[in-house]
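Here is a short walk through one protein model. Keep the sequence and the 3D view side by side as you read.

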Amino acid sequence: MYTIDQNSKTPLHIQLYEALKNDIVQNLKVGEKLPSIRKLSSTYNLSKNTVESAFRQLYVEGFIESYPKSGYFVSDTNFKDFRTSHANKEAIETTQKSYKYDFFPARLPKDSFPLKLWKRIYTKVIDETLDLGGYPDGQGEYILREQIAEYLNNSRGANCIADQIIVTSGFGESMGLLAKMLKSTHDTFAMEDPGYHIVNQVFSAYGYEIEKIGVDENGLMIDALQKSKAKLVYITPSHQYPKGVSMPIANRLKLLEWAKDTDALILEDDYDGELTYYNRPIPSLQGLDKNDKVVYFGTFSKYLSPALRVSYMVVPQHLLGLYKTHFDSHFCKVSLDTQITLAHFMKEGHFDKHIRKIRTLHKKKHELLKKLLEEHLGETMKIEAQGAGLAIIITPAVAFDWEKFKILAEQEGIKLYFAKGVSGGSWEALRLGFGGFSEKELYEAVEILSKLWRKALLN
Ligand SMILES: Cc1ncc(COP(=O)(O)O)c(C=O)c1O
């Protein structure tokens, strides 16, 4: 029996359609005959029209077939191969674990987002300027691209114009666009080792052969690159990911020289170059390049919000034609209202102020985390990277059981992040993000962490 509620807000024909559909999916066999229209209308006290309408919908969706004078029969839907949405939901819910403390290295404090200002600008933008009747600019709104170019030239020592900027909804998208564009001219791709896993994933997926180039205290080892056959290299020169070193000027010039001599392209990822706490941010490599050999990647994720999903790349003028032929029908995935609000946010000078504000905020937390680690872990750890970005990276300075440490952290509800997990290779280190913690939480989290750390020390 089906439950049909005459007082429900859901129309009767939809209730009957849902009940029959469930029955077909869960109980009935292919070819089985459904009750007749007359029978269903008398059993459930429904009009003939109501039952016919439910049958019509099932027929249109392919759940039933109709044979003249014989009635309606269950079609072969192959439904057993699909899960119902309910089953999926349960599966997702059970795999999500909640943690007491999460050291995620790429998050910002929720309350650091300038919500009031954003709302004010958003309201103004949506009332007066926004054209929701047209298709947006595929490359990103021009007004936003102008602001990004101005910001990069003034703050990151870059040398670009709005026409060179392509707005994307994240670094992965930028990399994907580029990997696709360059596939017909390049087959080998070099990247730092250890390096950013997303880059490896994207370029491997496009079928490139990946050459991993080691990293020392000066960043990517240029001698090793020179020996490789790659003419395309990805680097993080201002703040190497994940080792945290920066490439000195002599090496930057050598790398540019290599690109010029071999007609190669350098992909510069400047994901958090503004977040330096003891020195001025190091200007971009793109600004030093006189031969159009650098593609620059930037993001708003580390300074404003990773949730807005706004990133961009700056391509040399000679690649713009290629971009246009490949992505004639490509549309920027960042919503128009977000792009325009961000453009005005920048134009009114708030972005520059905001960066200064969050740099001070992060510096305080960075110093606190460093002090706590030194107090609690002392001689048992080595700080590998500090003074920039959103995380401090440490390794044990004594014999250490990584596996035990990882298990203990999971048991205690402390979410940790490890270098190997995001960059492969053999280098293991603990990446301790401080962005998401309040000062009080940092004290508590480091205290628990250090107890687990001590338990994992060997000897
Ligand atoms: C090395 C590196 N590059 C780029 C990004 C930027 O990613 P997105 O713009 O997709 O947020 C990140 C974010 O964590 C990163 O770690």
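Two residues are in contact if their C-beta atoms, placed from the backbone, lie within 7 Å. Keep that cut-off in mind. The model is a predicted one.

Start at helix α6, residues 142-155. This helix has 14 residues. From first C-alpha to last it reaches 20 Å, close to the 20 Å expected at 1.5 Å a residue. An α-helix has 3.6 residues a turn, so residues three or four places apart point the same way. In α6, the buried residues are Leu-144, Arg-145, Gln-147, Ile-148, Ala-149 and Leu-152. They pack against β4 (165-168), β10 (294-299), β11 (311-314) and α12 (336-347). After α6 comes Gly-157, with a positive phi near 60°.

Now move to the core. In soluble globular proteins, nonpolar side chains tend to be buried together. Here the largest nonpolar core has 63 residues. Val-233, Ile-266, Val-295 and Val-314 have the most contacts inside it. Beyond its neighbours within four places in sequence, Val-314 is in contact with several residues, among them Leu-152, Ile-165 and Val-295. A second, separate core has 27 residues, including Leu-369, Leu-377, Phe-405 and Phe-437.

Finish at Leu-458, in the segment after α16 (439-455). Is Leu-458 buried or exposed? Leu-458 is exposed, because 9 other C-beta atoms lie within 10 Å, and exposed means 12 or fewer. Its C-alpha is separated by 7.8 Å from that of Val-398, 60 residues apart along the chain. Leaving aside neighbours within four places in sequence, Leu-458 is in contact with Ala-399, Phe-400 and Asp-401.

Definitions and conventions:
Residues are numbered from 1 along each chain as its sequence is written. This is a predicted model: local features need pLDDT of at least 70, side-chain atom pairs count only at pLDDT 80 or more; totals for chains, interfaces and linings use all residues. Helices (H or I, at least four residues) and strands (E, at least two) are DSSP runs, numbered from the N terminus. The expected span of a helix is 1.5 Å times one less than its number of residues. A residue is buried if 20 or more other C-beta atoms lie within 10 Å of its own, exposed if 12 or fewer, and partly exposed in between; C-beta atoms are placed from the backbone. A nonpolar core is a set of buried Ala, Val, Leu, Ile, Met, Phe, Trp, Tyr and Cys residues joined through C-beta atoms within 7 Å.
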